[in-house]
Amino acid sequence: FIEERLSRGMDAYYVWYDLKNETAFAAGYDSVKRFARKIKAKAPEVFAVIPTQPGLEGQVDYGRGAKTKHPVTGKYVRPWLFCYKLSHSRKTFRKVVWKSSSLVWAKLHEEAFHFFGGVPATTVLDNLKEGVIKPNIYDPELNELYSKMLDHYGCVALPCRVAMPRHKGKVENEIQYTQGALKGRTFESIEDQQKFLETWGAHCADTRIHGTIKRQVNEIFLSEEKAALKKLPDERFTLSQVLSRRVHTDGHVIVESAYYSVPHTHVGQEVVAYVNHLFVTIVDKKTCAT
């Protein structure tokens, strides 16, 4: 009775409640809880291997790199380790950075696409604030800068369910695999660690026979996946900030200490400022008019 109810995903307390009401069971909840623990210990969770078509999906995540001397404090700390992994071939782009932000997150994706020489159709990611503002399995709200970058490259974001890292298990394993190569190492600069990752990636990670697909990572990438990736656009993504601003009573908005005028009819309203290295484009939130 207990095993059958637990297999449905029921909590031990409710199994005990049903047991008490439906049978002559007279022992307490703690007895059922102890028995349930033994059953769960004997039955590890099983995961299926999910094959992915070439060029269909990439998975992305952050971990922590090896201890590295910080250029300001001089202390040895762990930088962020960014991994973007193609789900079919397991080809991976790796980079270490000191700080993360919505712009850094977007630029790291862009570097990954150019490293691969193409773009997968979808990107599976966690609900980091750099990518997802409001998690929702059906209609998540993406960080707008990140969303614009993906639109530029023709890629669709697929955020995981909250607290479900196994939904991007390939890159989760990649983080652990890369951290294994970094284990016990320290670096005098982040550039040294990046150089190690690039050399190790080219001569070890990419040339290995992958344990799941039983083929060499680089071979399957070059023979099957690279040609299936979407073509890179002619120009790089230039947007650096997406800012919400309220129009002052003098008909201006402030972006990085500079004043930009808008029609007086927008005084008191919220507008969006899109900033790149050349222009600031101000858009009406309601009408999307520039």
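Which residues make a nonpolar surface patch of about 340 Å²? The answer is a trio of tyrosines, Y13, Y14 and Y17. For patches, residues need over 30% relative accessible area and no salt bridge, with nonpolar side chains (Val, Leu, Ile, Met, Phe, Trp, Tyr) joined within 5 Å and like charges within 9 Å. The areas come from the Shrake-Rupley method with a 1.4 Å probe, and for residues only the protein chains shown count as cover.

Before going on, a word on the model. It is predicted, so to speak of local features takes a pLDDT of at least 70 and side-chain atom pairs count only at pLDDT 80 or more, while totals for chains, interfaces and linings use all residues. Residues are numbered from 1 along each chain as its sequence is written, and side-chain values use heavy atoms, with hydrogens and water left out.

Back to the tyrosines. Y14 lies in helix α2; helices here are DSSP runs (H or I, at least four residues), strands likewise (E, at least two), and both are numbered from the N terminus. The structure holds 18 aromatic pairs, where rings of Phe, Tyr and Trp (its six-membered ring) pair if their centres lie within 6.5 Å, and planes under 30 degrees apart count as stacked, over 60 as edge-to-face and the rest as tilted.

Now for another ring pair. W105 and Y146 are tilted, 6.1 Å centre to centre with 50° between the planes. They also bridge distant parts of the chain, W105 in helix α4 (residues 102-116) and Y146 in helix α5 (residues 144-153), 41 residues apart. Both W105 and Y146 are buried. They belong to a cluster linked by ring pairs, whose members include Y62, W80, F82, Y84, F113 and F221. At W80 there's a charge to look at: R64 lies over the face of the ring, 3.8 Å from its centre (the rule asks for NZ of Lys or CZ of Arg within 6 Å of the ring centre and within 35 degrees of the ring normal).

Of its 31 residues, F82, Y84, F113, F116 and M149 touch the most other members. A core here is a set of buried Ala, Val, Leu, Ile, Met, Phe, Trp, Tyr and Cys residues joined through side-chain atoms within 4.5 Å. At least two residues of this core come from each of β1 (57-64), β4 (80-86), β5 (92-97), α4, α5 and β14 (270-276), and α4 gives the largest share, six residues. There is also a second, separate core of 14 residues, with A66, L182, L197 and A205 among them.

On to the charges. The structure holds 17 salt bridges, each a side-chain nitrogen of Lys or Arg within 4 Å of a carboxyl oxygen of Asp or Glu. D18 and R5 meet in one, at 2.8 Å from N to O. D18 lies in helix α2 and R5 in helix α1 (residues 2-7), so the bridge ties together parts 13 residues apart in sequence. Both D18 and R5 are buried. R208 and E174 form another, with their closest N and O atoms 4.0 Å apart. R208 is in the loop between α7 (190-205) and α8 (217-225) while E174 is in helix α6 (residues 169-182), so this bridge ties together parts 34 residues apart in sequence. R208 and E174 are both buried.

What about R215 and E219? Their salt bridge has its closest N and O atoms 3.1 Å apart. R215 is partly exposed at 28% relative accessibility, and E219 is partly exposed with 34%. Elsewhere, bridges that share partners join E4, R5, D18 and E22 into one network.

K214, in the loop between α7 and α8, has a positive phi of about 60° although it is not a glycine. K214 counts as exposed, at 59% relative accessibility. E256, in the loop between β12 (252-255) and β13 (258-261), has a positive phi near 50° and is likewise not a glycine. E256 is exposed as well, with a relative accessible area of 57%.

Conventions. Buried < 20%, exposed > 50% of the residue type's maximum accessible area, 1.4 Å probe, protein only.
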